[in-house]
Amino acid sequence: MTKQFGQLLNVDLSSSQCYLSAFPETVLEYIGGRGFNIWYLYHHLASGTDPLAPENMLLISCGLFTGSSAPTSSRLHINALSPLTGILGSSNIGGYAGAWLRSCNIASIIITGKSQKPATLYIDSSGARLEEASHLWGHDAFETQEIIKQSHNNNKLRILTIGPGGESRVRFATIMSERDHAAGRTGMGSVMGSKNLKAIVISKGSHKHFPAATPLQKKAVKAYTSEIKESSEFNFFSKYGGAGYVKWVNDFGIMGSKNYSRIGVKHIEKIDCRQLEKNIVRSSGCFRCPVQCKADLKLEGMGKNEGFTRPEFEPVINLGPKCGLNDLNQIIKLDNLCNRLGVDSTSAASVIAFAMDLFEKKLLPDNLVGDLDLSWGNATTMEKLLYQMVEGKGLGKILSLGVRKAAELIGNGASKYAVHIKGLELTAYHPAAIMGTALGYAVSSRGGDYNNVYASLEYSWTKEEAEKEFGTKEAVNIKSICAKGLLIKKAVTTNIIVDCLGLCKVPVLSLLRSFNFENEVRLINGLTDLNVSEKDFFRVGTKIAALEKLFNIRHEKGDSEDKLPEMFINKDNSQGLTLQNFEVMLQEYYTAMGWDENGTPPEPA
């Protein structure tokens with residue numbers, strides 16, 4: 001099985017050495033991707049490591065199915081110690097880079113040290129080498145990819161690159177591939193920048209990973225693809241992408257707006273992304289995905305006619321309602337700018353919303369405001385701040401450190417309005433409006449992030465499904481705290497396994513609502529020589545969750561507890577998200593996970 005899984009590519013940037021080694025058989029229990037990464041970091045990264053020092057390790061790993069014949073098998077999982085949060089940095093990216101890496105028979109890349117000069121890592125079927133890249137330093141993520149393709153005379157290369165955000169150590173810098181695939185959260189791009197590694201360039205190899213060669217294997221792949229295409233939301237998602245649900249989240253009453261000071265917005269039709277259908281030039285998607293939810297757009301009156309990519313659900317809400325902006329064209333422009341600069345649109349929008357909130361409350365010092373108009377929804381100011389972040393100038397320099405650190409530096413009571421959990425800025429859903437998601441935010445191993453827990457079963461499962469699984473229909477009542485600890489355990493462990501498999505969460509968790517892995521178990525047992533059960537997956541998922549928690553306990557240096565910002569706690573009555581109700585959900589989660597009342601798991605055997 002280890003030979004089937006692939007090799008490890010070890011890269012020591014300090015000594016400019018690259019070498020291949022066997023995938024360790026002892027960690028097959030952790031499957032791959034996210035599971036392998038946390039196993040390796042837990043056993044090899046010393047406590048007290050500076051996230052931006054050469055000693056930090058950057059791991060980029062394929063899941064079990066990445067690059068195989070399995071549908072939606074595109075994902076890479078990326079981990080390091082996060083410079084934004086100080087705990088587990090964790091991000092995930094689709095596109096084609098993972099499949100190309102696997103075609104070179106490489107399962108994981110382990111990057112240590114720091115190059116003396118800017119470098120790129122070039123990978124092909126013969127191995128890997130480092131190339132000098134000073135000429136690329138300073139170029140944005142889009143330009144970098146074009147220059148590399150031209151210099152290698154190969155337009156089919158797949159490239160993971162940082163932009164100016166990673167070069168200047170913006171704490172929430174991304175790693176980009178193509179124009180719209182981002183490893184966005186927790187600052188993995190700034191770790192890459194701190195190592196003077198500008199890009200990872202992958203030339204397609206000839207290795208076939210879990211090919212569908214026999215009639216039974218082909219049947220397993222066809223059956224899984226059919227399940228996806230026959231799901232009730234397939235046509236909608238394929239047509240509009242995740243951004244098609246912006247109106248839904250507003251109508252459902254869970255959208256955070258104006259730095260979470262409000263829930264929802266009026267005139268949601270102004271940013272309803274379904275209207276972008278007429279602007280689509282080309283639809284696209286990731287490796288072997290039938291959904292094809294990406295889209296290139298042509299927008300009139302937007303200056304340079306260079307084209308744009310359609311934003312996803314999160315960027316629309318974070319750059320839009322969270323910042324008080326209701327101009328869809330400007331939201332698209334800002335999202336594309338974030339991708340070009342290589343900064344996480346969620347964190348970037350959050351720190352901008354934070355600044356606008358402080359400005360409205362007259363808590364932002366005049367010397368930081370300068371000539372900026374920080375009124376809600378000012379797209380010109382938002383663009384200026386994005387450039388300031390990557391250039392290390394003005395207010396943007398402070399905001400580039402993330403909302404937690406920025407609040408500490410600004411003072412004057414700013415921390416009260418700094419919305420984060422464990423140092424990571426929150427995503428679109430307002431925690432006071434949806435109880436399970438609130439708990440998921442709090443216990444997420446990378447900090448306040450919906451996509452790390454992906455608890456969509458909280459509103460997509462039926463009452464009958466909830467009663468059968470959790471013993472009460474109230475588990476899928478978003479206003480109830482009943483069985484939310486059990487529900488979030490299910491979401492956390494499922495989410496982990498999807499990341500270990502290298503599959504996309506959209507088909508698995510949104511379209512198929514496959515939180516019990518019936519389809520995935522049939523696919524694995526049909527396509528590989530493994531023999532796994534749903535029970536096996538949840539056991540391994542729980543084990544990986546515990547290791548991530550123990551890693552965080554080892555490295556945390558401050559505000560890293562499983563708690564929510566005080567602004568979301570209802571202090572007026574006993575209903576909703578009170579401190580007592582939250583504690584009930586939290587303790588139920590700890591018990592379900594097999595952890596003690598402080599949330600500490602037992603040490604691994």
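Author: A nonpolar core is a set of buried Ala, Val, Leu, Ile, Met, Phe, Trp, Tyr and Cys residues joined through side-chain atoms within 4.5 Å. The model is a predicted one, and its largest such core has 166 residues, of which Phe 354 and Leu 386 touch the most other members.

Reader: What does Leu 386 touch, not counting residues up to four places away in sequence?

Author: With those neighbours left out, Leu 386 touches Leu 334, Leu 337, Cys 338, Leu 341, Val 343, Ala 348 and Ile 352. Apart from this core lies another, of 31 residues, including Ile 78, Ala 97, Ile 111 and Leu 160.

Reader: Why are α20 and α23 called roughly perpendicular to each other?

Author: The axes of α20 (residues 484-501) and α23 (residues 534-555) come within 8 Å and cross at roughly 95°. Angles of 65 to 115 degrees count as roughly perpendicular, and α20 and α23 are therefore given that name. On the side of α20, the residues making the contact include Lys 489, Val 492, Ile 496 and Leu 501, and on the side of α23 they include Phe 537, Val 540, Ile 544 and Glu 548. By class, this contact has 10 nonpolar, four polar and three charged residues.

Reader: What makes Asn 412 count as exposed, and what makes Gly 413 count as partly exposed?

Author: Exposed means over 50% relative accessible area, buried means under 20%, and partly exposed is in between. Asn 412 has a relative accessible area of 51% and is therefore exposed, whereas Gly 413, at 45%, counts as partly exposed. Asn 412 lies in the loop between α16 and β18, and Gly 413 is likewise placed in the loop between α16 (403-410) and β18 (420-421).

Reader: What is said of the phi of Asn 412, and why is a positive value worth a remark?

Author: Asn 412 has a positive phi of about 60° although it is not a glycine. The remark is made because most residues other than glycine have a negative phi. Arg 513, in the loop between α21 (505-511) and α22 (518-527), also has a positive phi, of about 50°, and is not a glycine. Its relative accessibility is 30%, so Arg 513 counts as partly exposed.

Reader: How do you know that the radius of gyration of the protein chain agrees with a compact globule?

Author: For 605 residues, a compact globule would have a radius of gyration near 25 Å, and the protein chain has 22 Å, which agrees. Along its principal axes, the C-alpha trace spans about 65 × 60 × 50 Å, and 63% of the residues count as buried.

Definitions and conventions
Residues numbered from 1 in each chain as written. Predicted model: local features only at pLDDT ≥ 70, side-chain atom pairs only at ≥ 80, totals over all residues. Heavy atoms only, no water. Axes fitted to C-alpha atoms, helices over the stretch in contact; angles between N-to-C directions. Helix = DSSP H or I, 4+ residues; strand = E, 2+ residues; numbered from the N terminus. Parallel < 35°, antiparallel > 145°, perpendicular 65-115°, else oblique. Contact = heavy atoms within 4.5 Å. Nonpolar A, V, L, I, M, F, W, Y, C, P; charged D, E, K, R; others polar. Buried < 20%, exposed > 50% of the residue type's maximum accessible area, 1.4 Å probe, protein only. Rg over C-alpha atoms; globule rule 2.2 N^0.38 Å.
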